[in-house]
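Please look over the structure below. This briefing walks through its main features.

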Amino acid sequence: MRPFRLLPVVLALALPLAAAAQQITVSAAASLTDAFKEIGPKFEAARPGATVRFNFAASGVLLQQIGQGAPVDVFASADQETMNRGAEQKLIDTATRKNFVSNSLVLIEPAKDGAGVKSVQDLAGASVKKIAVGKTATVPVGRYTKQVLDGANLWTALEPKFVQADSVRQVLDYVSRGEVEAGFVYRTDAAVAGDKVKIVLSPSGSSPVTYPIAVVAESRQKALAGDFLKFLASDAAQEVLTRYGFGKP
């Protein structure tokens, strides 16, 4: 009779392990927050018993976390440079890497009482006192911004006005709250802000904004992580990504 008395205890111990075995953590660029939060439940519905957890931040910060041993299964970056670093540091499974969406850089200002910016050159005017930009070391949108302003020979001249942000969503928050006169974000972020911000223009001069995704090299759930990557190509996931303004890679 003893084995039968032990059975409930064995099951109680095994169930948490089984649940953990069906869980993945996806570290994704901050600009993917809203779309991925909607895609997550759809993935779980398509894979009964599976759970997906999300960790959103600037791409460079997420890569640092993975390098420091954070238990992550999938990494989605807002730029190629950060994913390239991940490959160089052998933090991702390069065989699984692929581009899955595209975006575009936009210059925005507060919808209410804006400075009336019409061009990047206007950012040098007296009416623009503060400009929110992503930190170039860790935030991809900051690097795209620098490419644009370098091309217009404005980066150095505008540096005293910069308010450094830890993510593209922080740039969006600064502009939405009217704490700065202008900022550079992705078109999808501006759309999320609704009537709080106004898109001034889509500047040229930056490299294409394409998002790569890959399974993390140290993932213990590579099969399920791979399934998540495949799910992003499904009609259900593509409908969400398109609705949030993301384009084809």
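The points below go from the whole protein to single residues.

This is a predicted model: local features need pLDDT of at least 70, side-chain atom pairs count only at pLDDT 80 or more, and totals for chains, interfaces and linings use all residues. Residues are numbered from 1 along each chain as its sequence is written, and side-chain values use heavy atoms, with hydrogens and water left out.

**Overall layout**

- The protein has 10 helices and 10 strands. Both are DSSP runs numbered from the N terminus: helices are H or I with at least four residues, and strands are E with at least two.
- Its C-alpha atoms fill a box of roughly 85 × 35 × 30 Å along the principal axes.
- Of the 249 residues, 46% are buried. Buried means under 20% relative accessible area, exposed means over 50%, and partly exposed lies in between (1.4 Å probe, protein chains only).
- Take the contacts between residues at least 6 apart in sequence: 76% of them join residues at least 24 apart. A contact means heavy atoms within 4.5 Å.

**Nonpolar cores**

- A nonpolar core is a set of buried Ala, Val, Leu, Ile, Met, Phe, Trp, Tyr and Cys residues joined through side-chain atoms within 4.5 Å.
- The largest core has 67 residues, and F36, F100, L123, Y211 and F228 touch the most other members.
- Another core, of 11 residues, lies apart from it; A57, L62, I66 and V72 are among its members.
- Leaving out residues up to four places away in sequence, L123 touches several residues, including L107, V117, L149 and F184.

**Cavity and pocket**

- Both are found on a 1 Å grid over the protein atoms alone. A cavity is a set of points where a 1.4 Å probe fits but cannot get out. A pocket is an open set with protein on both sides within 12 Å along at least five of seven lines. Lining residues have an atom within 4 Å of a point.
- Grid points are joined across faces, edges and corners, and a volume is the space filled by probe spheres set on the points.
- There is one cavity of 30 Å³ or more. The largest cavity has a volume of about 60 Å³. It is lined by 13 residues, and A29, A30, A78, P140 and V168 are the closest to its centre.
- That cavity lining has 10 nonpolar residues, three polar and no charged. Ala, Val, Leu, Ile, Met, Phe, Trp, Tyr, Cys and Pro count as nonpolar, Asp, Glu, Lys and Arg as charged, and the others, Gly among them, as polar.
- The largest pocket holds about 290 Å³. Of its 17 lining residues, P71, V72, D73, E218 and R220 lie nearest the centre.
- The pocket lining has eight nonpolar, five polar and four charged residues. Strand β1 (residues 23-29) gives the most to it, with three residues.

**Helix α5**

- Helix α5 (residues 140-151) has 12 residues. The expected span is 1.5 Å times one less than the number of residues.
- Just after α5, N153 takes a positive phi of about 55°.

- G134 is in strand β6 (residues 131-134). G134 is buried, with a relative accessible area of 0%.
- G134 and Q164 are 30 residues apart in sequence but 5.7 Å apart in space, C-alpha to C-alpha.
- P41 is in helix α2 (residues 33-46). P41 is partly exposed, at 47% relative accessible area.
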